[in-house]
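Subject: Structure handover

Hello,

Here is the structure I said I would pass on. My notes follow below it.

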There are 2 protein chains.
Amino acid sequence: MVSETSTVENYLGFPSITGAELSKKFEEHARAAGADVLLYKGIMSVKKAGNVFEVRTDKESYSGRTLIFALGTKRRQLEIPGEKEFRGRGVSYCVTCDGALFRDKTTAVVGGRNAAATAALFLAKHCKKVYLIYRRDRLRSDSILTKRINDEEKIEVVYNSNPLEVKGDKSVKSVVIETRGRKKELAVDGLFVEIGAVPSTELAGKLGVKLNGENRIEVSPAMATNIRGVFAAGDITNGSNKFDQIATSVGEGAIAANSAFRFLRGIKD
Amino acid sequence: MVSETSTVENYLGFPSITGAELSKKFEEHARAAGADVLLYKGIMSVKKAGNVFEVRTDKESYSGRTLIFALGTKRRQLEIPGEKEFRGRGVSYCVTCDGALFRDKTTAVVGGRNAAATAALFLAKHCKKVYLIYRRDRLRSDSILTKRINDEEKIEVVYNSNPLEVKGDKSVKSVVIETRGRKKELAVDGLFVEIGAVPSTELAGKLGVKLNGENRIEVSPAMATNIRGVFAAGDITNGSNKFDQIATSVGEGAIAANSAFRFLRGIKD
């Protein structure tokens, strides 16, 4: 999510900008172009009634002949005791947002793919010690990252392990893990969860939009879904080459908007 | 070409910016990120020598293990007498750049697809009269545009016609056309050529990069070409849904750069 990113340096035109500032610029631009921006409204349901789609919040209802799903992803959670309780008090899903708060402290990262490896390497720049807790017996990150993890003395990889519970008082004090059937408690000040992201496709799925095996929306090159008039763009869609970049999502958004426009105008390709 | 566009309002983050300013921001960002930007160097040849690609200008030579073609397109020309001579003195390939210079004058647009129709409608806002010269007996623009052309009294569509020559003294005075075998001279102050764009794929073609029927580079979703280590991005590539937007080209550029990085690092998908 752009607004949660500390610093964005890879969206062309802005050499360095905070995620919050860039989000604000995007919103201002949308408003200037005439869009009605209705932020922060919890959407309860999306339904099709004839040729019209109806989007309901708890209070209002909006309808239109086209719909573009651009809800992105949510971070996958561990779903263990203490995780929710200590969120924002040691438990974090964003190392670039919160990593620097743990200078000279001990932290743990849960996960073993590129995101987890990158997070551990980032934390090693600030922390005195970083545990990398992974359920398998070897990391699944790219070889270049795995090598850097192995070369970094501050990082200890804890293989074959699953976190069971987060403990603490005002903030996180430890994480209880299970390694090959044996419980163990690691003293940590922070716990970063890097086990992937879940596309926010509940509403689309209920509408009957076709999802792939990873629960992402299946789109054509024109960003059309299986339902006429419904389009999608960004991290919520399939496409293995997009690597969750702002630039690629913006490009997809432009294509989806153009496709919706052409659909409304009855323009055939 | 971004730098030749008068005002850009559809690149997210900049509600309204001149093409020249946006190009400058892009260049500054690339330099800030560490890129060596070598502008305005005419490239004579691109060759493969072992695992290395060699790019030669008339004076220097640069080599690297990967190459990304992002040369965009050039506007297609009429190739008739007077066209080159009066370029910038009445002959133009960019209605948004030069259209406003012809306020209350008479202009002609050559072409009959969406770009030509859009150009004629744009000019009709400024000019007292606009000829739309097309070789076929009906326009091939989208129905909504065709309807607006027909409804606009300032626009006269000249069907079944080809331009033969541009005439003038200091600037354009007329265009000679041929309609069903008969010559005719139309008095115009400006002539806008809107007959499409040609991808700049000469260098890529000579290197052996596979092109499609429209001379665009065939790319995979990862923006890879048929030659290992060679990638492409932007208007120079195939992809019918991109509609030549800055946002989509920037997205493709990000994917191509990431693919080149992964190629160099030996990262497999």
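The notes go from the overall layout of chain A to its helix pair, and then to the strands and a helix of chain B.

This is a predicted model, in which local features need pLDDT of at least 70, side-chain atom pairs count only at pLDDT 80 or more, and totals for chains, interfaces and linings use all residues. Residues are numbered from 1 along each chain as its sequence is written, chains are lettered from A and ligands numbered from 1 in the order in which they are written, and side-chain values use heavy atoms, with hydrogens and water left out.

Chain A overall

The C-alpha trace of chain A spans about 60 × 40 × 35 Å along its principal axes. Its secondary structure comes to six helices and 17 strands; helices (H or I, at least four residues) and strands (E, at least two) are DSSP runs, numbered from the N terminus. Of the 269 residues in chain A, 43% are buried, where buried means under 20% relative accessible area, exposed over 50%, and partly exposed in between, with a 1.4 Å probe and protein chains only. Among the contacts in chain A with a separation of 6 or more, 50% are between residues 24 or more positions apart; contact means heavy atoms within 4.5 Å.

Chain A is assigned two stretches, 38-73 + 198-265, as domain 1, and 77-193 as domain 2. These bounds come from an automatic or database domain assignment. Taken over C-alpha atoms, the centres of domain 1 and domain 2 of chain A are separated by 34 Å.

Helix pair in chain A

Two packed helices are described by the angle between their axes and the distance between the axes. For α3(A) (residues 114-124) and α4(A) (residues 143-151), the axes come within 10 Å and cross at roughly 35°. Axes here are lines fitted to C-alpha atoms, for helices over the stretch in contact, and angles run from 0 to 180 degrees between N-to-C directions. The crossing of α3(A) and α4(A) is left-handed, that is, the near helix is turned anticlockwise from the far one by less than a right angle (right-handed if clockwise). On the α3(A) side the residues that meet α4(A) are Asn114(A), Ala117(A), Thr118(A), Ala120(A) and Leu121(A), and they meet Leu145(A), Arg148(A) and Ile149(A).

Sheet β3-β4-β5 in chain B

Three strands of chain B form an open sheet in the order β3-β4-β5, with antiparallel pairing. β3 and β5 of chain B stand at the edges with a single partner strand each, so one side of each is left without a neighbour in the sheet. From one strand to the next the twist averages 20°. Two strands pair if DSSP finds at least two bridges between them.

β3(B) (residues 43-49) is joined to β4(B) by six bridges. Val46(B) has Val55(B) as its bridge partner, and Ser45(B) stands opposite Arg56(B). The hairpin of β3(B) and β4(B) has two residues between the strands, and Gly50(B) takes a positive phi near 70° there. The hairpin from β4(B) to β5(B) runs through three residues.

In a regular strand the side chains alternate between the two faces of the sheet. In β4(B) (residues 52-57), Phe53(B), Val55(B) and Thr57(B) make up the covered face, and Val52(B), Glu54(B) and Arg56(B) the uncovered one.

Regards
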